[in-house]
Amino acid sequence: MIVYPKRMTWLRSIFRWRESVAYNIWRRVLATTLISVGTTLWQLNKELPHLSLTALPFTFIGLALSIFLGFRNSTSYDRFWEGRKLWGQLVNASRTFTRQIQ
């Protein structure tokens, strides 16, 4: 977590460059952009055979991915709910304990 000084306004914190994620990844983003622009220009200038893809592989991958993410989502929600129940039990026990002390 980045802790900024109190005198810093939110507008100045938006335009900080050194502590941002963009400072850490700008080289990779630039390299990816240059490679994609170069590939596009090369493909537009050269006469390459047209490759057609059917939607079938993407459909199977999408179906498998949706089932996998559905299971992951339900598992994470179960863990969240279990933690919420345990936190509620802790709060109730601490209130009961405080009442007994008083």
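Surface patches are made of residues with over 30% relative accessible area and no salt bridge, like charges being joined within 9 Å and nonpolar side chains (Val, Leu, Ile, Met, Phe, Trp, Tyr) within 5 Å. Accessible areas come from the Shrake-Rupley method with a 1.4 Å probe, and for residues only the protein chains shown count as cover. In this predicted model, local features need pLDDT of at least 70, side-chain atom pairs count only at pLDDT 80 or more, and totals for chains, interfaces and linings use all residues. Residues are numbered from 1 along each chain as its sequence is written, and side-chain values use heavy atoms, with hydrogens and water left out.

A nonpolar patch of about 520 Å² is formed by Trp10, Leu11, Ile14 and Phe15. Of these residues, Ile14 is found in helix 1 (helices are DSSP runs of H or I, at least four residues, numbered from the N terminus). Helix 1 (residues 10-14) has the lowest confidence, a mean pLDDT of 72, whereas helix 3 (residues 56-101) has the highest, at 93. The chain average is 87, and 94% of the residues score at least 70, on a scale of predictor confidence from 0 to 100.

Helix 2 (residues 21-45) has 25 residues and should span 36 Å at 1.5 Å a residue, which agrees with the 36 Å between its end C-alpha atoms; the expected span is 1.5 Å times one less than the number of residues. Helix 2 bends by about 40° at Arg27, the bend being the angle between axes fitted to the seven residues ending there and the seven starting there.

One salt bridge is found in the whole structure (a side-chain nitrogen of Lys or Arg within 4 Å of a carboxyl oxygen of Asp or Glu). Lys85 and Glu82 form a salt bridge at 3.5 Å, N to O; both residues lie in helix 3, three residues apart, about one turn of the helix.

Note on methods:
Helix = DSSP H or I, 4+ residues; strand = E, 2+ residues; numbered from the N terminus.
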